[in-house]
Amino acid sequence: MMTKSNPGLSRRDVIAVAGLAPASALAAPKPAAPKPAAPEAAGQTKPAAQAKANGGQGGFLWGVATAGHQVEGGNLNSDMWLLEHLAHSPFSEKSGDALDHYHRYAEDIALAAKLGFNTYRFSIEWSRVEPEPGEFSAAEIDHYRRMCAACREHGLIPALTYNHFSAPRWFAAQGGWENPEAPALFARYCEKVTARLGEFAGLASTLNEPNMGLLLQWILPAPVLQQMRAAMVDAAKAAASDRFSAIMFGRQELMLPNLLAAHRQGYAAIKAGPGDFPVGVSLSLIDDQPLGPNSRVADKRRQCYEPWLAAAAADGDFIGVQTYGRARIDDKGQVEPPPGAELTQMGEEFYPQALERTIRYAYAATHKPVYVTENGIATEDDDRRIAYINEALKGVGACLADGLPVRGYIHWSLMDNFEWVFGYRPKFGLVAVDRATQKRTPKPSARLLGEIAKSGRAPS
Ligand code: BGC
């Protein structure tokens with residue numbers, strides 16, 4: 001149950017916290033100055049060089065995030081769509097038209113800019129771009145190119161996610177990330193996308209939370225994990241394949257080496273250009289805290305984070321930190337939140353202090369600049385979102401004050417959206433969406449964080 005026990009900081013306090021950062025700490029690597037584009041074919045976008053400079057001055061990134069499948073709608077060719085439509089689907093509802101962001105991206109990008117942000121993180125839907133193996137759609141790549149151009153025109157830095165969980169059906173039918181060919185397939189897709197989008201990009205994550213499937217082994221009870229496996233069997237039948245596998249649902253031990261190689265090869269493909277912008281991997285980092293004697297925290301870290309933190313350190317210009325809360329780990333595993341704890345709509349403890357701790361953990365493990373590429377809370381109570389943001393930013397401020405190279409804070413999410421198997425019930429958005437009319441209504445938290453974004457930019 002939500003309580004009002006945590007009053008949060010005032011808006012002025014938060015701006016002061018954001019202002020803790022010395023200008024040197026706030027200075028991010030200058031995002032790629034977009035080169036003039038090649039002469040444009042009819043219907044294509046204008047060169048990004050004409051963009052306004054709002055977000056392009058090399059300051060701290062204040063952003064909002066979405067992911068294709070969660071907002072676009074009609075993502076028919078993806079493995080997630082297929083899973084949603086199984087007779088015994090693990091999804092509580094279907095994504096359907098989602099927020100129709102595929103068609104309404106221009107107004108959504110304009111809204112993010114108007115609210116005061118300088119960065120928009122969004123993902124490219126691989127299944128649109130490569131609907132059949134090796135068959136790339138120039139028109140769909142240009143859709144994302146237009147999104148990038150719209151960001152630049154509104155002074156927003158496009159922060160691209162090349163894969164945010166969903167993948168083409170054909171890819172899943174070939175074994176998904178369990179398939180040893182997956183890294184090469186992913187790298188080829190990265191190369192094709194970067195060829196058209198690289199000149200616009202300001203930041204990129206290869207993979208979004210590739211460690212999530214590993215974490216679920218710690219979070220979910222065994223029967224739920226079994227149901228997820230069972231869904232793979234049904235999906236294989238539906239896809240006329242005997243090895244269908246989707247991220248999070250498949251066999252993690254087989255996926256891990258391929259996902260690590262996919263990050264490495266994807267990183268190289270994106271860095272080959274065009275463009276010159278930081279590329280890294282965004283990890284789900286829970287603030288794991290030991291409880292009692294013989295806590296298994298070290299086991300969890302070894303399984304879920306360490307391989308990925310090593311990959312980020314070896315092949316990456318930054319570490320993307322994505323944190324929502326904490327987990328307490330005893331000698332058996334993860335335990336329930338403390339009795340009486342305030343819970344979010346995801347059933348997790350309200351614990352915004354987690355972010356400071358995971359930033360410190362990620363930096364200590366990688367010595368790479370940190371971008372918070374996701375942080376947020378599922379709640380119907382926007383006052384609690386405000387309290388959460390205030391507290392989380394206090395942690396970012398403390399890290400900056402200690403000289404840690406935190407380069408940006410990107411909130412999840414711009415809008416209430418499709419929360420995977422949980423459907424549309426959890427509300428992570430700064431902006432409410434009436435899905436009957438697709439009307440967007442900014443919540444007070446959107447105004448608050450937008451104001452912080454405006455005021456919190458590093459002095460030039
Ligand atoms: C994912 C998002 C998701 C969010 C909230 C992250 O794990 O990247 O896709 O919506 O958390 O659960």
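How many of the seven residues of strand 3 (residues 157-163) are buried? Seven of its seven residues are buried, and the strand is thus described as mostly covered. A residue counts as buried if 20 or more other C-beta atoms lie within 10 Å of its own, as exposed if 12 or fewer do, and as partly exposed in between, with C-beta atoms placed from the backbone.

## Basis of the model

This is a predicted model, in which local features need pLDDT of at least 70, side-chain atom pairs count only at pLDDT 80 or more, and totals for chains, interfaces and linings use all residues. Residues are numbered from 1 along each chain as its sequence is written.

## Overall composition

The protein has 16 helices and twelve strands. Helices (H or I, at least four residues) and strands (E, at least two) are DSSP runs, numbered from the N terminus. Of the 460 residues, 53% count as buried.

Among the contacts in the protein with a separation of 6 or more, 83% come from residues 24 or more positions apart. Two residues are in contact if their C-beta atoms, placed from the backbone, lie within 7 Å.

## The barrel

Eight strands close into a barrel in the order 1-2-3-4-5-7-9-10, with parallel pairing. Two strands pair if DSSP finds at least two bridges between them. On average, and with direction ignored, neighbouring strands of this sheet are turned by 25 degrees against each other. Axes are lines fitted to C-alpha atoms, for helices over the stretch in contact, and angles run from 0 to 180 degrees between N-to-C directions.

Strand 3 is joined to strand 2 (residues 119-123) by five bridges, the two running parallel; Ser-123 stands opposite Thr-161 in strand 3. Strand 3 also pairs with strand 4 (residues 203-208) in the parallel sense over four bridges, and Leu-160 stands opposite Ala-204 in strand 4.

## Helices

Helix 14 (residues 354-366) lies across strand 7, strand 9 and strand 10, and runs at about 155 degrees to strand 7.

The axes of helix 15 (residues 382-401) and helix 16 (residues 444-455) come within 8 Å and cross at roughly 25 degrees. Helix 15 is therefore roughly parallel to helix 16, a term for angles under 35 degrees, whereas those over 145 count as roughly antiparallel, 65 to 115 as roughly perpendicular and the rest as oblique. The contact involves Asp-382, Arg-385, Ile-386, Ile-389 and Leu-393 of helix 15, and Pro-444, Ser-445, Leu-448, Leu-449 and Ile-452 of helix 16. These residues divide into seven nonpolar, one polar and two charged. Ala, Val, Leu, Ile, Met, Phe, Trp, Tyr, Cys and Pro count as nonpolar, Asp, Glu, Lys and Arg as charged, and the others, Gly among them, as polar.

## Two loop residues

Trp-420 is placed in the loop between strand 10 (406-412) and strand 11 (431-434). Trp-420 is buried because 21 other C-beta atoms lie within 10 Å. The C-alpha atoms of Trp-420 and Glu-93 are separated by 8.7 Å, although these residues are 327 residues apart along the chain.

Asp-242 lies in the loop between helix 11 (222-238) and helix 12 (252-271). Asp-242 is exposed, as 10 other C-beta atoms lie within 10 Å. Between the C-alpha atoms of Asp-242 and Met-232, ten residues apart along the chain, the separation is 9.6 Å.
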